[in-house]
Amino acid sequence: MQLPLFAQADCLSVGGFAAIALHLISVFCHCTAMAEKLTVVVVEEDRDRALGIVDALTAAEDCDVFVIGNASGLARKIAAHVPDIVLIDIDNPTRDMMEELTLASGPLDRPVAMFVSGAAGGLAQAAIEAGVSAYVVDGLSPERIKPVMDTAIARFSMVRQMRNELAETRRALEERKVIDRAKGLLMKAKGIDEDAAYALLRKTAMDQGRRVADVAEALVTASGLLG
Amino acid sequence: MKTVSIPVAYVPLVDAAPLIVAHEMGFAEAEGIALDLIAAPSWSSVRDMLAFGRVDAAHMLSPIPIAMAMHLGGVSTPLSAVSVMSVNGNVIGVGNALENALRAKGYGFDFADPIAAARALASVQKRPLTFGVPFPFSMHVELLNYWGEATQIADQGIEIRTVPPPLMASALAAGDVDAFCVGEPWGSVAVEQGVGALLLPGKAIWNFAPEKVLATRSDWADTEPDLVGRLMRAVWRAGRWLAQPQSRSTASELLSRKAYLDVSAELIDRALTGQLTVSARGEQRQVDHFVEFHAGAATFPWRSQAKWIANRLARVHGIPTDQANEAAFGVFRADLHRQHMVPTGGDLPGASEKVEGSIRVETPVASAQGSLRLLPDAFFDSRVFDPSAVR
């Protein structure tokens, strides 16, 4: 889908930091019934992720999507858009700043709720599993929320899975390195070959009911202390 | 006994120590449970994980479950505070601009006197003072408002903004906030980073403020009474261990691990020993019971504490008093606490309510075994809160 992007979207790639100035990407979908359109605000600092979410939402739904990439004065900035739905990564620490939106006396006139009631109840659970939290203006019907949430949930799930896989790969690499160092220590200390060193690590791990990587780490730490 | 795993959410703070210690020092295992501890990046996240069943229990700011019961905020799943996890432990601090202005007026940063601190602040800033706090429903907000109303700073007033503690330093630097109220280690981190100085411990405003609770969903507490009991006892024993002076350095080391708080053990030690460094100049102040996990029946969820919180929230948010009292009654579960704590041998108070603020010195009280002494719970302005007077 063709997205006319406005504003300094490139600055979003400064990445990860709250100190960057406010950036807005406003996206106008091809639609006729302007009054019926939902306004969605996505709070996301990472430009690529933000664009991915905007793409997915506008492809699936008739809505205006705004992205806010910066934490300072978050509640105020969100309120300025008078959104129907606010989407934010559940792991984003700036979420607590949004809590002020849920108070009736807050900067948004209409009270906002994590949607929990009725037909949307199951959705909230799915959203949390996927790692997205949504704040919805009170009184918005579940039928209107659901398509937006289904899309957001699918998108966030995908990103979460990719993130988990990356973390898993990194961890595996780290463990590989530690096991190699432990093998090296054993080979040197006991004059054994690599296979025998690994066998010894594995046997110790099995005897103690621990993971090979943990035994290796303990050995490397101990050797560092003694060394 | 088959070990049952219980997922528990917490925010990495010094006062999450009872959960971390219960897990690391074997108190959970001794009860036949394993704690699957999940660090959360925000209080909203803790609340949602608990409300929507991702976890069964959580470390939680004491006003959150009460606010939820009063339908404040976006989620209102019924929660039960089955124990108080920690009493006190917050600090109020100021940014560099206010620190310098206060020093120029000869203020000595005694870290003790709320009236003098307010007088000094009122003398250096005429416009409203803006404080950053971690969450809108928190003891931080309640203590600030209580102090702000009853002292000289009432003249210019205070504004409170939510700023996640990791962003407090930049909020101070940007002038978004003048001052802050946070839980440790964040106050000591601010001092260490040279962005602010500590003005008061939360304890100086209310001597015995229930800070964090052990919260569960009320339906879980009803359907899994056995697990709730085991969890409560494991956390209580961890609190008792933490209260022993000889445990403190081990506790600091444990908490400082990357998997938990990931800050230096020395910073954590300040809160646990009550020996705080209040400014970048290295001035040190000693505060007894700066954070308390055990002494004076600290874990007992007094219904009067809940009522105090509920009545404060009700006043700010325009909710009828009877509604607030009802919410408070259902949330702080003195009943479950009594039911499940007997096997620990810990002494329990005879009553479930007390006149908050009436204890000026450590006082022996009627209790199950007759050995209980309550710690002072006075407010700095000597007012008392009589729970029976707000029906």
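In this predicted model, helix α14 of chain B, which spans residues 303-317, packs against helix α15 of chain B, residues 321-331, at an angle of about 145°, and the two axes lie 8 Å apart. The crossing in which α14(B) passes α15(B) is right-handed. On the side of α14(B), the contact is made by B:R303, B:A306, B:K307, B:I309, B:A310, B:N311, B:L313 and B:A314, while α15(B) contributes B:T321, B:A324, B:N325, B:A327, B:A328, B:F329 and B:V331. Sorted by class, this contact of α14(B) with α15(B) holds 10 nonpolar residues, together with 3 polar and 2 charged ones.

From this pair of helices within chain B, one can turn to the place where the two chains meet. The contact between them draws 24 residues from chain B and 25 residues from chain A. On the side of chain B that touches chain A, helix α3 of chain B, residues 43-51, gives the most, with 5 residues. That side of chain B comprises 13 nonpolar, 8 polar and 3 charged residues.

Chain A, for its part, is divided into domain 1, covering 9-164, and domain 2, covering 165-226. Where these domains of chain A touch, 4 residues of domain 1 are in contact with 4 residues of domain 2. The residues that domain 1 of chain A brings to this contact with domain 2 divide into 1 nonpolar, 2 polar and 1 charged.

Conventions. Residues are numbered from 1 along each chain as its sequence is written. Chains are lettered from A and ligands numbered from 1 in the order in which they are written. This is a predicted model: local features need pLDDT of at least 70, side-chain atom pairs count only at pLDDT 80 or more; totals for chains, interfaces and linings use all residues. Axes are lines fitted to C-alpha atoms, for helices over the stretch in contact, and angles run from 0 to 180 degrees between N-to-C directions. Helices (H or I, at least four residues) and strands (E, at least two) are DSSP runs, numbered from the N terminus. A crossing is left-handed if the near helix is turned anticlockwise from the far one by less than a right angle, and right-handed if clockwise. Two residues are in contact if their C-beta atoms, placed from the backbone, lie within 7 Å. Ala, Val, Leu, Ile, Met, Phe, Trp, Tyr, Cys and Pro count as nonpolar, Asp, Glu, Lys and Arg as charged, and the others, Gly among them, as polar. Domain bounds come from an automatic or database domain assignment.
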